[in-house]
Amino acid sequence: MQGMIRLAALLFVCALAGPGAWAQGKPNIVLIMADDAGAECFGVYGGTSYKTPNIDALAERGVRFTAAHAQPLCTPTRVKIMTGMSNGRNYIRFGLLDAEAYTFAHLLKEAGYATGLVGKWQLWGRADQPFAHQGLHPTDAGFDEYLCWHLDKVQSRYWRPTLDRNGAYMETGRDDYGPDLLADQAIDFIKRHKDGGKPFFLYYPMCLPHGPFVPTPHSVDRKSKDKQQNFADMVAYTDHVVGRIDQALREMELSENTLLVFTADNGTDRSIRSVANGVAIQGAKGHPIDYGTNVPLVAVGGPAKPGIVCDDLIDFTDFFATFADLADAKPPAEPKLDGRSFLPQLKAEAGNPRDYLYCYYHPRPTTPDWWGLGEQRFVR
């Protein structure tokens, strides 16, 4: 009888630790990063210009950070989030990631994760540039597989996109929409690895809603030239894609043991005007002010407690430290990292919040600076 009781208890524990429950082990991690979308674009941050019901729902089901700050521009942010280091220590030039860099994909792969990448890369060096292929290729960055826009060609990212899948460019037609193909690949990666015997890490740096501002498959006018309306449609489609991935995780009964994180790489394009909390906001991409750096950060599933709003300062070096904490992985002793884990805050614990953020920002140290800013250092 005692043996039967122990067996029943064991089966009950195993059931709790199955795909529908947070098992206190190594969770799957899905990191989605929108391109050029400040916090003001999203309803849960007070935005009223665009429709973002899926992302708003994620925030209600998980943790929303109000003071997450990226670098003001894409390459600086991508270098920072992937390496956990300040740009002042490892930034080479716009469009490149140091070929010797150690990334969060390296870390998680060494910790036993299957690693996948879909989306915008822009870190290897374009074939038509003097610095072609001098950066880091996805396969050398720790990813087992990838589907990328802007690997070494810069052509369409939206309609009839130019996408490289594991070393070969896809054949696409005029009715193929890049974000759909990338989302399909993301969901396929999740499906193929959900029962693979080890956790998975999916990094999805989106193309949306970066310019050119063109209609989406959901646009009423597929020939619209209205930049503001097209941007609104693109933010809505960003939300649609995030909703697709969230729904796929739930349908596969993975959402409780998968940390799904949504953020953005920098503020909104400067040509776009939005309203949030009753205030008209001009996009400030490229500029080291709040509207250039304050981005959405929402996390749901896995260890994330529902309904939490956290006002702690979050720097983009902190993602690396948080993923290391989640995976119980130890980064190399050198080079020293700059981030702090926000895993405690995901669990509604006090953690080790920052008193300030220090940022080094010099996106084009070897070429003329588009923004006319030069080298910048700033503190929040």
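Contact here means heavy atoms within 4.5 Å, and helices (H or I, at least four residues) and strands (E, at least two) are DSSP runs numbered from the N terminus. The model is predicted: local features need pLDDT of at least 70, side-chain atom pairs count only at pLDDT 80 or more, and totals for chains, interfaces and linings use all residues. Residues are numbered from 1 along each chain as its sequence is written, and side-chain values use heavy atoms, with hydrogens and water left out.

**Helix 2 and its cover**

Helix 2 spans residues 53–61, and its buried residues are I55, D56, L58 and A59. Buried means under 20% relative accessible area, exposed means over 50%, and partly exposed lies in between (1.4 Å probe, protein chains only). Seen down the axis of helix 2, the buried residues fall within an arc of 155°, so they line one face of the helix. The arc is taken from the directions from the helix axis to the C-beta atoms. P53 and E60, on the other side of helix 2, are exposed. The cover over the buried residues includes strand 2 (63–69), helix 7 (227–251), strand 8 (258–264) and strand 11 (294–300).

**The nonpolar core**

In soluble globular proteins, nonpolar side chains tend to be buried together. A nonpolar core is a set of buried Ala, Val, Leu, Ile, Met, Phe, Trp, Tyr and Cys residues joined through side-chain atoms within 4.5 Å. The largest one has 107 residues, and F104, W121, F143, F201, Y203 and I245 have the most contacts inside it. Helix 7 gives the most to this core, with 10 residues. Leaving aside neighbours within four places in sequence, the residues in contact with W121 include R78, F143, W149 and H150.

**Backbone details in loops**

H150 lies in the loop between strand 4 (145–149) and strand 5 (163–165). Phi of H150 is near 60°, a positive value in a residue other than glycine. N277, in the loop between strand 9 (273–276) and strand 10 (279–282), has a phi near 55°, also positive in a residue other than glycine. H150 is buried, at 8% relative accessible area, whereas N277 is exposed, at 62%.

The loop between strand 7 (200–205) and helix 7 holds P209, and P212 is in the loop between strand 7 and helix 7 as well. The peptide bond from L208 to P209 is cis, with omega near -10°. The bond from G211 to P212 is cis, with omega near 10°.

**Salt bridges**

Side chains of opposite charge can pair when their charged atoms come close. A salt bridge is a side-chain nitrogen of Lys or Arg within 4 Å of a carboxyl oxygen of Asp or Glu, and the count comes to 17. The table gives some of these pairs.

| Pair | N to O distance |
|---|---|
| E145 and R192 | 2.5 Å |
| R192 and D188 | 2.7 Å |
| D290 and R380 | 2.9 Å |

E145 in strand 4 and R192 in helix 6 (residues 178–193) are 47 residues apart, and their pair links distant parts of the chain. E145 is buried, at 14% relative accessible area, and R192 is partly exposed, at 40%. R192 and D188 both lie in helix 6, four residues apart, about one turn of the helix.

D290 and R380 meet in a salt bridge. D290 lies in helix 8 and R380 in the segment after strand 14 (376–379), so the pair ties together parts that are 90 residues apart in sequence. D35, R78, K120 and D265 are linked in a network of salt bridges.
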